[in-house]
Amino acid sequence: MRGRYGCLVDLAYGPSPGERLDLFPVPAAQRGDTRAPLVAFIHGGYWQSLDKGDFGYLAPALLDRGIAFASLNYDLAPRAGIPDMVAQIRRALAWLYDAAAQYGIDRERIFVAGHSAGGHLAATALDRAWTAEHDLPEDAVKGGLSISGVYDLEPMRLSYHQSVLQLDADTVEDYSPLRCLPRNAGPLLLAVGADETREFLLQQQAFAAAWRGAGLRAAEVDMPGRHHFDAVDAMGEPDHPLFAALLRLVETQEID
């Protein structure tokens, strides 16, 4: 894949070892005098595992449509807590916004996406309250996609993951997107595999209802036949409805 498109590996967006990203810019010969929109992707792994390099395969389908792709790392538990990870992802997005022109990216068209734990982090990044801390415009992140996201951290606190995550009641309350809905956010696409466990299905259902109930825009994409580990693949499949929905979001900022 890197023979078709260039990849800038391990760009530092902060001082911590985990604060690195891989960037797949749209070649200048392809985009001409224009700048490309960007989808910044956040990997899952229950906030404890996986790596940005595992998801470069999602880039070609977007690059073929003139959309740049970034795959973000962040410090994992137990080295970092979820509040630290949320702050790091926001720092990564701020870095991409500030560095956009250098890489042929249109900073007015930056979107965030994530899978599983990354879906949780993508949802928190859509809250427009944080951008002022980085001297960014409120709508620096125009919209997002969360695939198989975790929107309520309480089940994690009660699961075997607690031994690593060490969640307390305040973290659950303040960093669960379902419990801490933003006042303002861009449009959000939600998708979960039909063959996933009941908890993931229920979490999306509850979160979609709460997001809309707060007056925010959300749309759900059906994914029949997908389970938790292959749901994310649809993001890089040009013939899948999820890819089509993401493309429409990036091109028009519309989701329905």
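1. The strands here are DSSP runs of E with at least two residues, the helices are runs of H or I with at least four, and both are numbered from the N terminus. β3 (36-42) and β5 (105-115) pair in the parallel sense over 6 bridges; two strands count as paired if DSSP finds at least two bridges between them.

2. A quick word on what you're looking at: this is a predicted model, where local features need pLDDT of at least 70 and side-chain atom pairs count only at pLDDT 80 or more, while totals for chains, interfaces and linings use all residues. Residues are numbered from 1 along each chain as its sequence is written, and side-chain values use heavy atoms, with hydrogens and water left out.

3. Now zoom out. In what order do the strands of the open sheet run? There are 8 of them, ordered β1-β2-β4-β3-β5-β6-β7-β8, with mixed pairing. β1 (8-12) and β8 (218-223) are at the edges with a single partner strand each, so one side of each has no neighbour in the sheet. On average, neighbouring strands are turned by 25° against each other, direction ignored. As background, strands of a sheet pair through backbone hydrogen bonds, either parallel or antiparallel.

4. Follow the antiparallel part next. β1 and β2 pair in the antiparallel sense over 3 bridges, and A12 stands opposite R20 in β2. Strand β2 (residues 20-24) also pairs with β4 in the antiparallel sense, over 4 bridges. In that pairing D22 has S71 of β4 as its bridge partner, and F24 has F69. Since 4 of the 5 residues of β2 are buried, this strand is largely enclosed by the rest of the structure; buried means under 20% relative accessible area, exposed means over 50%, and partly exposed is in between (1.4 Å probe, protein chains only).

5. Strand β4 (residues 68-72) is mostly covered, with 5 of its 5 residues buried. Which of its residues point one way, and which the other way? A68, A70 and L72 point one way, F69 and S71 the other way, and all are buried. In a regular strand the side chains alternate between the two faces of the sheet. On another side of the story, β3 and β4 pair in the parallel sense over 5 bridges, and the bridge partner of A40 in β4 is A70. Right-handed here means that, with the strands pointing away from the viewer, the path from the first strand over the helix to the second runs clockwise.

6. Back to β5, which is mostly covered: 8 of its 11 residues are buried. β5 and β6 pair in the parallel sense over 5 bridges. F111 turns up again here, standing opposite G143 in β6, and G114 has S146 of β6 as its bridge partner. β5, α4 and β6 together make a right-handed β-α-β unit.

7. So what about that helix? In α4 (residues 117-125), 9 of the 9 residues are buried, so the helix is largely enclosed by the rest of the structure. What covers its buried residues includes β3, α3 (82-99), β5, β6 (143-147), α7 (169-175) and α8 (198-213); contact means heavy atoms within 4.5 Å.

8. How do α3 and α4 meet? Their axes come within 10 Å and cross at roughly 65°, where axes are lines fitted to C-alpha atoms (for helices over the stretch in contact) and angles run from 0 to 180 degrees between N-to-C directions. I82, M85, V86, I89, R90 and L93 in α3 meet H120, L121, T124 and A125 in α4.

9. α3 packs on it, touching β1, β2, β3, β4 and β5, and its direction makes about 155° with that of β5. α8 lies across β7 and β8, running at about 160° to β7.

10. Last, a loop residue. L178 is in the loop between α7 and β7 (188-193), and at 25% relative accessibility L178 counts as partly exposed. L178 touches Y151, D152, A206, F207 and A210, leaving out residues up to four places away in sequence. L178 and A208 are 30 residues apart in sequence and 8.9 Å apart in space, C-alpha to C-alpha.
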